[in-house]
Amino acid sequence: MQVVNSSDFVRDAVKRIAEASFAAAGGPFRLALCGGQTPRAIYEALAAEDLDWRNFIITFGDERCVPPDHSDSNYRMACESLLARVPIPEENILRLKGEMPPEEAANIYERELRQRSGDEVFSHDLILLGMGEDGHTASLFPATSAIGESDRWVVANEVAELATCRLTFTFTLINAARRVLFLVKGERKRELVEGIARGNGHNYPAAMVRPHEGSLLWLVG
C-alpha cells in the first residue's frame with residue numbers, strides 16, 4: 001500500500017491513469033470507473049488526453065439503482081464528463097443497469113464479465129475507487145452482506161442505513177486487479193487513510209482492498 005499526498009490532485013490522478021493505459025499498449029485496457037463527485041474533474045481532464053481510447057474497456061465499480069439518465073447515476077456522471085467526449089467503442093462500455101431489478105442486473109453484469117474472461121477472474125488493468133467517511137468503497141458499506149461475499153463478482157447489496165440497494169463489485173473482483181487507485185479528498189478521509197496505513201482500519205471496508213498480485217495506491221488530495 002502506497003499513500004501519495006497530492007498538491008495537484010486532478011493532474012496526478014490523470015497522470016497515473018494515463019500511465020496505466022500506456023502499460024497496456026497493444027492490448028485492451030480494462031478500466032473500472034468510480035462514481036460520486038470527486039472523480040468528475042478528473043474525468044473531464046482525462047478526456048483531453050491523447051490516449052488509445054479504442055482499446056479501453058470501461059466497467060463500473062458500483063451503481064445506484066436508478067435509470068442511466070437519473071442525476072444520481074454513476075453512468076450519467078461518467079458519460080457527461082468522459083465517455084461522451086472520447087472515441088471509446090460503444091460495445092466497450094459495460095454499464096451496470098440500475099433501472100433493472102437489482103439481483104437481475106448484478107447477475108447480467110457478472111455473466112458479461114465472465115464471458116469476457118473465461119475461467120479466470122476478470123482482471124482489471126486499473127480500478128478506480130473512492131472512499132466514504134464511514135470507510136465504505138464502491139458500494140461495500142460496513143455491516144452489509146456483500147462484505148463477506150467470496151464467490152460472486154457483482155452483487156446487489158442492501159444498505160439499510162441509506163434505505164436502498166446498490167449494485168457493486170465484490171472484493172473477489174476488486175482484489176484481482178493489476179492496479180487499484182483510490183481517489184480521496186477531505187480532511188476526515190485523510191485521517192481514515194492514515195489509520196488504514198497504520199493497520200488500524202479493520203472496521204473499514206476500504207481496508208479490505210488488497211490486490212493479490214497488483215499494486216495499491218492511495219492518492220490523497
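**Figure 1. The charged end of Arg 95 sits over the ring of Tyr 75, 5.6 Å from the ring centre.** The model is predicted: local features need pLDDT of at least 70, side-chain atom pairs count only at pLDDT 80 or more, and totals for chains, interfaces and linings use all residues. Residues are numbered from 1 along each chain as its sequence is written, and side-chain values use heavy atoms, with hydrogens and water left out. A charge is taken to sit over a ring if NZ of Lys or CZ of Arg is within 6 Å of the ring centre and within 35 degrees of the ring normal. Arg 30 lies over the face of Phe 122, at 4.2 Å from the ring centre.

**Figure 2. Ring pairs link Phe 29, Trp 53 and Phe 56 into a cluster.** Rings of Phe, Tyr and Trp (its six-membered ring) pair if their centres lie within 6.5 Å; planes under 30 degrees apart count as stacked, over 60 as edge-to-face and the rest as tilted. The search of the whole structure gives 4 aromatic pairs. One of them, Phe 29 with Phe 56, is edge-to-face, with 4.9 Å centre to centre and 80 degrees between the planes. This pair links distant parts of the chain, as Phe 29 is in strand E2 (residues 29–33) and Phe 56 in strand E3 (residues 56–60), 27 residues apart. Helices (H or I, at least four residues) and strands (E, at least two) are DSSP runs, numbered from the N terminus. Phe 29 and Phe 56 are both buried (buried means under 20% relative accessible area, exposed over 50%, partly exposed in between, with a 1.4 Å probe and protein chains only).

**Figure 3. An open sheet of 6 strands has the order E1-E9-E8-E5-E2-E3, with parallel pairing.** Two strands pair if DSSP finds at least two bridges between them. Strand E1 (2–5) and E3 are at the edges with a single partner strand each, so one side of each has no neighbour in the sheet. From one strand to the next the twist averages 20 degrees. Axes are lines fitted to C-alpha atoms, for helices over the stretch in contact, and angles run from 0 to 180 degrees between N-to-C directions. E1 pairs with strand E9 (residues 215–220) in the parallel sense over 4 bridges, and Val 3 stands opposite Trp 218 in E9. Helix H1 packs on the sheet, touching E1, E2, E3, strand E5 (126–129), strand E8 (179–184) and E9, and its direction makes about 170 degrees with that of E8. Contact here means heavy atoms within 4.5 Å.

Figure 4. E2 and E3 pair in the parallel sense over 5 bridges; the bridge partner of Arg 30 in E3 is Ile 57.

**Figure 5. In strand E5, Leu 126 and Leu 128 point one way and Ile 127 and Leu 129 the other way, and all are buried.** E5 runs parallel to E2, to which 2 bridges join it, with Leu 126 as the bridge partner of Leu 31. E5 and E8 pair in the parallel sense over 3 bridges, where Leu 128 stands opposite Leu 181.

**Figure 6. Leu 33, Leu 128 and Phe 182 touch the most other members of the largest nonpolar core, which has 74 residues.** Such a core is a set of buried Ala, Val, Leu, Ile, Met, Phe, Trp, Tyr and Cys residues joined through side-chain atoms within 4.5 Å. Helix H1 (residues 9–23) gives the largest share of this core, 6 residues. Not counting residues up to four places away in sequence, Leu 33 touches several residues, including Tyr 43, Ile 58, Phe 60, Leu 82 and Leu 128.

**Figure 7. Three strands form an open sheet in the order E4-E7-E6, with antiparallel pairing.** Strand E4 (62–64) and strand E6 (154–159) each have a single partner strand and stand at the edges, so one side of each lacks a neighbour in the sheet. E4 and strand E7 (residues 164–169) pair over 3 bridges in the antiparallel sense, and Glu 63 stands opposite Leu 167 in E7. Helix H4 (residues 102–117) lies across E6 and E7 and runs at about 155 degrees to E6.

**Figure 8. Arg 114 is in helix H4.** Arg 114 is partly exposed, with a relative accessible area of 34%. Not counting residues up to four places away in sequence, Arg 114 touches Asp 151 and Trp 153. The C-alpha atoms of Arg 114 and Trp 153 are separated by 9.1 Å, and the two residues are 39 residues apart along the chain.
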